[in-house]
Amino acid sequence: MENLLSLAIFLPLLGSLLVAIVRKEKFSKFLSLGISSVVFLIVLYLFLNFDWSAQGFQYRTKVDWIPSLGISYHVGVDGMAISLLLMTSLVFVVAFLWSLKVEDRPNLYFALFLALETACLGVFSALDFFLFYLFWEGMLIPMYFIIGLWGHDRKVYAANKFFVYTFFGSIFLLLGLASIVVYGYIMTGKLSFDYLFHLSFSYPMILQTAAFLLFGLGFAVKIPMWPVHTWLPDAHVEAPTAGSVVLAAVLLKMGTFGFVRYSLPLFPDASKYFIPLIFFLSVVAIIYTAMMAIAQTHIKRLIAYSSISHMGVVTLGTFAMDLNALNGAIYMMVAHGLSSAALFMSAGFIYDRVHSYHMDDLGGLARYVPKLAVLFMISGLAGIGFPGLAGFVAEFLVFLGTYKNFPVWSFIAGVGVVLSAAYFLYMYKRVMFEEETISEYRLEKWRHLKDLEAHHILSFILIIASAFLLGLYPYPFIKVIEQTSRYVLGG
Amino acid sequence: MNWNVLIPELVLSLGILLVFVLDLFSDKKHYRALSILSALVPIASLISLLFVQYPAKALFDLFEVNALNLLGKAVLYMLTSLVLFSMHDYYKKKDSVYTELSYLPLLSTLGLSILVSSKNLLLLFVSLELASIGMYVMVSLLRGDVLSKEAGYKYLIIGSVGTSMLALGSVFYYASTGTLFFREYRDENSLFMLSMLLLLSALALKASAVPYHFWTPDAYEGAPTPITGYLSSVPKVALYFLLVQLLGYFYHLKQWLVLVALLSLLSMFYANFVAYAQRSVKRLLAYSTIAHAGYFLLGISTVDPYLQKALLFYVSLYAFASLGAFTLLSVLEKKPGFSHHMLDYRGLFKEHPVLASLLALFLFAFIGIPPMALFVGKLGLFMGLVNTLLLPLALAFVVASIISAGYYLRVIVSMFLEEGEKRFPPTKVSGGEALTLLLCSLFVVLLGIFPHLLYDLIRI
């Protein structure tokens, strides 16, 4: 059982090597899909067998790796990690399914995505700082090439911006990691990168403050929090559809995951001290980027801004120091993963068919692609937190919990929810309805527009069914997540 | 006389003599065989390391072997052998196959091998000169090429300044301590400090640290590319293995830290900024070497076992990555008309996916992206600096590393994400080059995943 987790993490990497060696298009596609499905099933099995009543990490494996530096291969999952692993493995199945018709250098494309999957699964499972950083940085190279090689017009600019921003954040994260490891060494004479070893320390306030800021900068860039968010709209706009899906659904969660896994338990006093700062940044992100979203005419850029806004809700809930809010924040990570994936798939599909992301070029699409119109609507509703879908439960819990301790902040942030309904419905109207904007020329071109194909529908079903499941029957998921929240909040 | 201590150097010397004699009696058509034979000589020395009993001293205590400098020698021999394996085809394409090719790198390596074992300034001087003179000639070996000659000349002139500084430093050292042997000397008189300044400057010049770096970009650019690979890897490893051992005699001086920090900060920031202005990838990598000299010098800013272990790990792996990168450049240079201008690298990935991927791998390694082994080195340096509470230096290291990412990325962008305008004839990778590239990339990746294989061998 313990080794199943490692198997799930490294199976995609193995697949990546196979794909790179064999270099057969069909083989690459179906092997990727097959491997990601097996990984999903393994994670599902682990999820179903997860003991949410027990404290701490489960399915742990620990093997000495670089003993002279106190580094070990140590993986394991708690409630938050297993939920994110489940979401991640599902999103990758969908990404591969969606990409079945990729024609441009498919072998490299699938090899990079498989490598990326290992990095993503690894980040959520690592219990050793070094291992964590290895996976954290491991996603950089595949994602860089995915944006740079398969992106749209300004792909090079976007890929570079993505790389430099993320690398900038990561180095500070590394410095933070190094500083607490060295502190542990000075205090105990034992050099160790082990997360659980460091969890038993209570660091002095000055170190907590410094390390919180160093870690925080790394996480903030990845989330991304305002004002270090500007790489995200560019990266999203230029990335290919599956790249955007993985970026929004999985990579952005690494930052918020980092806050819950590392910042809160390791630096509890500094976390409390910095609540006003984090709240300020979160609320600015929620409202400012929602307003930016309203101003967009490019659908992918709009969805990107909405992602930043939603991630603001996650950071708000994370630092509200309340069980419900933290549950909601973690729930939001999973829920946003699903809804943003569905939204980017919709946008990507529109681009594939119409070759434009601009609302002015799109009005009246609903008549020609009705299946997409329905699924796009559901995806959007999932995104804005419509009752019955996953986002609602998450937002409800976040605001409920935040309101208890910080009513004013909660109220201000709540405005963002209203704005999110505004920008989505406005966008939906302009893209799907407004038939009067269709010119004769466009009508002629669209008459034979092909609606969703089987692999698209299957992708949507997997995501949307999960969003409904999480929205209608949240109890078991909340229970699993709460296992982490209780522990993080010290109860 | 304890000959056992000198076995690797003796094997190397005999090998050089053998190659030299064979060279006298063989035709031009045998040069290929000769170059393979010369590449095997360092391997024989490498094997002979197993028979050295250490720790021990020889040559009236001028020469010392211990676990650390034997490891340094092992790395030196491996690198030299890889350089020799990779260079024959390049010279053939350049129509510049000369007899000296086979034994000059061996001579330099012999010098460097003695250098890491030096316990006395006299031996240090002689061995450094033996290494340097070989390198001056190697740099200017493309006789028909003006750039190569200019590079050799410049290297010779500036190198001589280094030699003078070393000589003067040795004189001051003798004047203050009464001996040329390295020994603990606690009296902080100004003569001793001056000798420290001059000795450090001379070694910093060889390590291409700012402000002694002026020869580096020109020599690197003008030298035959496999020789650039040699310059950027073999002497660097030897120097830092030596510096780590010398550190114990000087670090107690207050000025040591100030000087080293200054050299390192200047190198990191100057080189990382100037690298952005480069249009030639070969020159860009030369500036990257200068920046790395800055990173490496951080490792000798003060005595701390973690810091020095990390430094030696880092510099060894850097040497392999750097040799790999320059070998790749020399493979590409075999295309007629290929100039290393950034534009020539455009769209390389489409033409040569494997070569472009390997170069990207080495460049990512320079940035310090895991799982490449240079990341472990950078991490170790970070930790060492934080551990010794040199936080400003750690922070400067971080900032410099971030700055450097941009120019490496530009090369990667050119190769992968841009369309090529010029068309060059295809190039072939010779067996030797393939071996060098394969081993360098394997070391860089495998030792990133299993760093303890080397880390645990570095005993300080």
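A: A polar contact here is a pair of N or O atoms within 3.5 Å, where one must be able to donate a hydrogen and the other to accept it. The model is predicted. By that criterion, the side chain of R430(A) makes a polar contact with the side chain of D360(A), at 2.4 Å. R430(A) sits in helix 18 of chain A, residues 407-432. Its relative accessibility is 14%, so R430(A) counts as buried, the cut-off being under 20%. Beyond its neighbours within four places in sequence, R430(A) is in contact with T297(A), M359(A), D360(A), L362(A), G363(A) and G364(A).

Now the helix pair. Two packed helices are described by the angle between their axes and the distance between the axes. Helix 11 (residues 241-266) and helix 14 (residues 299-318), both of chain A, pack at about 15°, with axes 11 Å apart. Angles under 35 degrees count as roughly parallel, and helix 11 and helix 14 of chain A are therefore roughly parallel to each other. The crossing of helix 11 past helix 14 in chain A is right-handed.

Next, the residues that meet. Helix 11 of chain A contributes T241(A), S244(A), A248(A), L252(A), K253(A), T256(A), F259(A), V260(A) and L264(A). Helix 14 of chain A brings K300(A), S307(A), M311(A), V314(A), T315(A) and T318(A). By class, this contact between helix 11 and helix 14 of chain A has seven nonpolar, six polar and two charged residues.

Last, helix 6 of chain A, residues 140-150. Helix 6 is mostly covered, with 11 of its 11 residues buried. Among them are P142(A), Y144(A), G148(A) and W150(A).

Technical notes: Residues numbered from 1 in each chain as written. Chains lettered and ligands numbered in written order. Predicted model: local features only at pLDDT ≥ 70, side-chain atom pairs only at ≥ 80, totals over all residues. Heavy atoms only, no water. Helix = DSSP H or I, 4+ residues; strand = E, 2+ residues; numbered from the N terminus. Buried < 20%, exposed > 50% of the residue type's maximum accessible area, 1.4 Å probe, protein only. Contact = heavy atoms within 4.5 Å. Axes fitted to C-alpha atoms, helices over the stretch in contact; angles between N-to-C directions. Parallel < 35°, antiparallel > 145°, perpendicular 65-115°, else oblique. Left-handed = near helix turned anticlockwise from the far one by under 90°. Nonpolar A, V, L, I, M, F, W, Y, C, P; charged D, E, K, R; others polar.
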